[in-house]
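Thank you all for coming.

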Amino acid sequence: MKVIRNYLAELLKMQKREDGREPFQCREVSIETGVIARSPGSARVKIGDTEVLVGVKLDVGEPFPDTPNEGVLIINAELIPLASPDFETGPPKPEAIELARVTDRGIREGHAIDVEKLCIKKGEKVWMVNIDVYPMNDDGNLIDASALGAIAALKTAVFPKYDESADKVEYKEFTKTKLPVKALPIMTTFGKLAGSLFLDPTHREEKAFDSRLSISTLDDGTVCAMQKGGFGTFTKDEVLQIMGLAIQKSKELRKLLK
Amino acid sequence: MADKLFVKDHDVVIPGEELAEGLDYLPAGKAFRDGDKIFASTIGLASVKGRVIKIIPLAGKYMPRRGDVVIGEVTGIGHSGWMLDVNSPYPADLNIGEASSEYIDLNKTDMTYYFDIGDYVLCEVINISEGKFIKLTAKYRPYRKLKGGNIIEVSPTKIPRIIGKAGSMIALMKDATGCEITVGQNGLVWISGQADKQAVVARVIKFIEREAHKQGLTDKVKEMLRGK
């Protein structure tokens, strides 16, 4: 690994990447929505060879006592062995929990869904939004792919039919009402290797880098969530530079959602 | 009984597919005989050369053979040698006596002076025990520690295409980029030279791996190298 690390560091010093990209160039991104027929909202996101499948499930349940008039948002991610030889079955590892939590934080703190509109009856019944993230192939940067998949799936999701008197959700029948999505938070992940910064790390770069910083931003340039990983550190100037770049790069990605 | 051939050269075959009937044809590689019929045991391309029917597998893990030149990553240091990962399901061991032609005094020398964890070593398979334990040697030239450069992993089944006929593909890449390229039979390729040129070679090798089953590869590679 140290051989590859030195090589990547040398390339970055020349403002180059292994796959011919510039340091702050994202791989090719493609978003497909409505890929799962039975799901009220789904998306498949590809960033280069990284592929993530995201599904939304809507259910009716009881709200939390401290937020009686707000719907519930639950994001779950699973690193299945299909995606990479590094993933194993069994209880979730820290990486899987981090992926779910960071994706969750971007959506939640970016106020992507108007949770108050998910309320059916205050204190008793609200819509519960479950988002399931399944990486299909891991070639690095699962965080960005998952976050993009989650927001793309939410944006196209519709409510299933709900019979209020019988308190029954008809999961197979969809209405035309869309979910109250009011903001589009976009996550961008930057890596740092031997003092050089770069966007959208690949699997090999992820194995070799010192640290990474993921930033979620909104249309108006608000930074709504952050996550730092790896053992290395960032200076204040680097964080500010990354923030500026994150706002700029997320604008390009947001165009793909429309 | 008439001998029959059911496949052409370069046909894609699947496991269990009947390739030929009759005793005139000879199975080789991943083809096998059952009674008077020859079948395929893996997915790959059929190769019919005279009476010999062979299958060139499309994918597969590296299976060590004596005499193979491989690149291994040092994963552990023991009392009298190093443990290497040679990209194979089986463990590999480089004994201290096989590491250098000079005498190494274990009481005085730090073994990491020769090979440290994470180093890549070019070595040769000298023996595979019954328990599939691989014994390596790095005693003589050109076996050595690979310093610097870049290591990429490709499917071991595509190695012949990357090397080309009598090393023609490698020579093509070397001439165009000035990089040094060492290919291990186990699917690891070491590239050394200017960093940006290394990246070009790595991309070309990945391209060859992807397009290995197609014809006219040399021309496409030439075009790629000219474009960069």
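Predicted model: local features only at pLDDT ≥ 70, side-chain atom pairs only at ≥ 80, totals over all residues.

How much of chain A is made up of buried residues? Buried residues make up 40% of its 258 residues, where buried means that 20 or more other C-beta atoms, placed from the backbone, lie within 10 Å of the residue's own.

Residues are numbered from 1 along each chain as its sequence is written, and chains are lettered from A and ligands numbered from 1 in the order in which they are written.

Chain A has 5 helices and 12 strands, taken as DSSP runs numbered from the N terminus, with helices being H or I of at least four residues and strands E of at least two. The radius of gyration of chain A is 19 Å, close to the 18 Å of the globule rule for 258 residues, so the chain is as compact as a globular protein of that length; the radius is taken over C-alpha atoms, and the rule is 2.2 Å times the number of residues to the power 0.38. Along the principal axes, the C-alpha atoms of chain A fill a box of roughly 65 × 35 × 30 Å.

Turning to the two chains together, 12 residues of chain A are in contact with 12 residues of chain B, contact meaning that C-beta atoms, placed from the backbone, lie within 7 Å.

Conventions:
Buried ≥ 20, exposed ≤ 12 C-beta atoms within 10 Å, placed from the backbone.
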